[in-house]
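Please keep the model open while reading the points.

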Amino acid sequence: MISEDPLRTVLYIDLSKRSFWTEDRRDLFEQYIGGTGVAINLLQKECRQNANPLGPDNPIIFAVGPLTGVFPLASKTVALFKSPLTGNLGESHAGGRSATAIRMAGYGAIVIKGASETPVYLVIDSDKVHFKDASALWGLKSSFTVGRIIREQEDGAGLRTIMRIGGAGEKMVSYACVITETYRHFGRLGLGAVFGSKKLKAISVSGRRRIKVENPKTYRELYKEVFNRTVKSPAMKKYHDLGTAVNISPLNELKALPTENLKQNSFDQAGGISGESIAEKYLGRRVACSHCPVSCIHLATYREPYASEPYFYKTTMVGYDYELIYSFGTMLKISSPEGLLKILDEVEKYGLDVMSTGVALAWATEAQERNLIPSEGDVNGAKLRLQWGDYDTYIKAIEYLTDQPNDFYKALARGVSYASSKYGGSEFALSFGGNEMPGYHTGPAAHIGHLIGSRHSHLDGAGYSIDQQNLKEPGKSTPENIAKALIDEEKWRQILSSLTICFFARGIYDIDTVLKTLSVLGYKLTKDDLTRIGSEILREKYQFKIREGFNPRNITIPKRILETPSPHGVISEDTIRKGVESATDLLEKL
Amino acid sequence: MKRLAVVDVNLCVGCQGCLFACARRFGDAGLSRSAIHVKSAGGIERGFIVTVCRACLDPPCAKVCPTDALKPRPGGGVILNPQKCIGCGNCKEACTINAVFWDEDTNKPAICTHCGYCVDFCPYGVLKLEEREGGISV
């Protein structure tokens, strides 16, 4: 890398001592590029074995990559921490302005250690960290309000990211998220709870750095080439036009769309909440992450009348995506688009991971149907009977998940794996390695991927995509082939996430483009180097997972996925077990 | 003379491609030399404010420059002579629309030259380089 690139600077912040310092880690950024690669190395060093995820020994690592602020689409920040949901590796990526802000402030990574005794928010600019009293912000359940207040208080409008938690993070719901620029999230695996445990309400970062390149002329030309390919690419147009919500209709037709806690594989009323339908009736604005021309963020306009006064409305913009429509729309059978937008707005307000929350409520609804929760679902003597499609009751339940007024909601706030261990119903608890299921019942590859993936997410090996390809050539759908395809994809994704390139742009950043763009920044790497580095990073992630108790040879398969047919028919337990075994063999050889 | 103009701010998605393009004029990545700005209008849901130099015919920034480093450009706007600039920041203070930005690396203003390089990197048609007719444009 170029010697004066500020990427090499790691900012350390100790919340216990209220101190900060920087370290030059050029070695780390040269060896592991940035993002996930650098962050896993920092996490292994900074996180003591068996650390309590909600204790001061659990560090939060943010990292960006060399291409951030230099080329388009390198717009993600990687956050690594120990997950309070799974008890092992917590990894979550967010866009917004977070990545460019960290890079422009002059850092490649930020490590936050310790815990504050009193509520605090951090303001990070080019050379200082300010510890600001957040006593007046603590207890604010609405993440929207936190954002509004800090926007008014702090400088850097347009350049800054404001990462913050709502009520769910403060109350350490195991799947509380961190919100950035209102509509982007470190969504999965509970970073919000880790913020809450540190009494850290928000972080604002901004800066305006210069980054030098090796050859300005080559740089400008290559930039133009990547940019032109991006704006002309049909793959990016899909994200731009309807966004990921475009997938609702095809997956529903394919019978791969989990519905009613995956009792069903399609939703007969999905038409009203499809990407096309919401865009036509409610789409109010499309916005983009910083330094990405795609603008995949779709905001719907939701107008709600006040009951107390005629002709008085609250009008809000609500972000939506495929996974949000899945987890609240089809899983809970909310077919009213307005009901769906209303509930998504509430989830955003409290700062919960939408996917885990929807799956938790779907499990709870079925558990109540089966009378597994006799009276413990009641709050203050009032019965709260969850029913499919009844979004007003679900909105109450979301508030209870945050406030945790009784044992039942305390348990549900720890995820479906824990709740079902207490109340029964693990056979229909859609937990994969402790993380709630994403919206793909496409076949065995999706589920093997969720079970074995380092994040237990669809984002790891894209099993849903492998399943859909295999439909064309069913002979390829063997457990061994699936395992190999998943691990190969996951290896390459370590490179993309170390460059902090948005996975939506994986079609733009092929291996040649990655090498060319990196050479502008003085990285002299080869294809073989990238292959090797991808494997190394993945190996280190699993080492951390295994160190913290994950055992790929002792995996619980939710029975429900074996009952409801997928586009590949009913999935056999044998296929899943063999796939997991093959994948584990491959991981052990990394 | 041509000048940079905002065609329709409602088309802006906040990608900030123009900011990075502006810095790239000089061959740098990053933002320090960028002379254009995009921020939300008080929350992204409300849309964006795009700040560009309006190429004033009688520029307030040039009037307060103590060293004549900023000279009015024929047809509007200003030209910076960095050798003369002492980094006092008067120009930044004087700009009514906050379109004089600051390059912390050089401690001098970042001034829009109305070159139009940013226009090519706005895929939404927010910006254009327009001919200023008769010296006045609104």
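This is a predicted model: local features need pLDDT of at least 70, side-chain atom pairs count only at pLDDT 80 or more; totals for chains, interfaces and linings use all residues.

1. Residues are numbered from 1 along each chain as its sequence is written, chains are lettered from A and ligands numbered from 1 in the order in which they are written, and side-chain values use heavy atoms, with hydrogens and water left out.

2. One open sheet in chain A has six strands in the order S2-S1-S6-S3-S4-S5, with mixed pairing. Helices (H or I, at least four residues) and strands (E, at least two) are DSSP runs numbered from the N terminus, and two strands pair if DSSP finds at least two bridges between them. Strand S2 (19-24) and strand S5 (89-94) of chain A are the edge strands, each pairing on one side only. From one strand to the next the twist averages 15°. Within this sheet, strands S1 (residues 9-14) and S6 (residues 109-113) of chain A run parallel and are joined by five bridges. A:Ile13 has A:Ile112 in S6(A) as its bridge partner.

3. A further open sheet of six strands in chain A has the order S8-S7-S12-S9-S10-S11, and its pairing is mixed. Because strand S8 (129-133) and strand S11 (184-186) of chain A each have a single partner strand, one side of each is left without a neighbour in the sheet. The twist here averages 20° from one strand to the next.

4. How do S7(A) and S8(A) run, parallel or antiparallel? They run antiparallel and are joined by five bridges. The two strands form a hairpin with four residues between them, and A:Tyr121 stands opposite A:Lys132 in S8(A). Strand S10 (residues 178-180) of chain A and S11(A) also pair in the antiparallel sense, over three bridges, with A:Phe186 in S11(A) the bridge partner of A:Val178.

5. Helix H4 (residues 143-153) of chain A lies across S7, S9 (161-164), S10 and S12 of chain A, and runs at about 145° to S9(A). Axes are lines fitted to C-alpha atoms, for helices over the stretch in contact (heavy atoms within 4.5 Å), and angles run from 0 to 180 degrees between N-to-C directions.

6. Helices H2 (residues 35-46) and H22 (residues 527-547) of chain A have axes that come within 9 Å and cross at roughly 30°. Among the residues that meet are A:Ile40 and A:Leu43 in H2(A) and A:Ile537 and A:Phe544 in H22(A). By class, this contact has four nonpolar, five polar and three charged residues. Nonpolar means Ala, Val, Leu, Ile, Met, Phe, Trp, Tyr, Cys and Pro; charged means Asp, Glu, Lys and Arg; the others, Gly among them, are polar.

7. The second largest pocket holds about 860 Å³ of space. On a 1 Å grid over the protein atoms alone, a pocket is an open set of points with protein on both sides within 12 Å along at least five of seven lines, a cavity is a set where a 1.4 Å probe fits but cannot get out, and lining residues have an atom within 4 Å of a point. Grid points are joined across faces, edges and corners, and a volume is the space filled by probe spheres set on the points. This pocket is lined by 29 residues, including A:Asp155, A:Arg208 and B:Lys92. By class, the lining has 10 nonpolar, 10 polar and nine charged residues.

8. The largest cavity has a volume of about 100 Å³. Its lining has 14 residues, with B:Cys12, B:Cys15, B:Cys18, B:Cys122 and B:Val126 nearest its centre. These 14 residues divide into 11 nonpolar, three polar and no charged.
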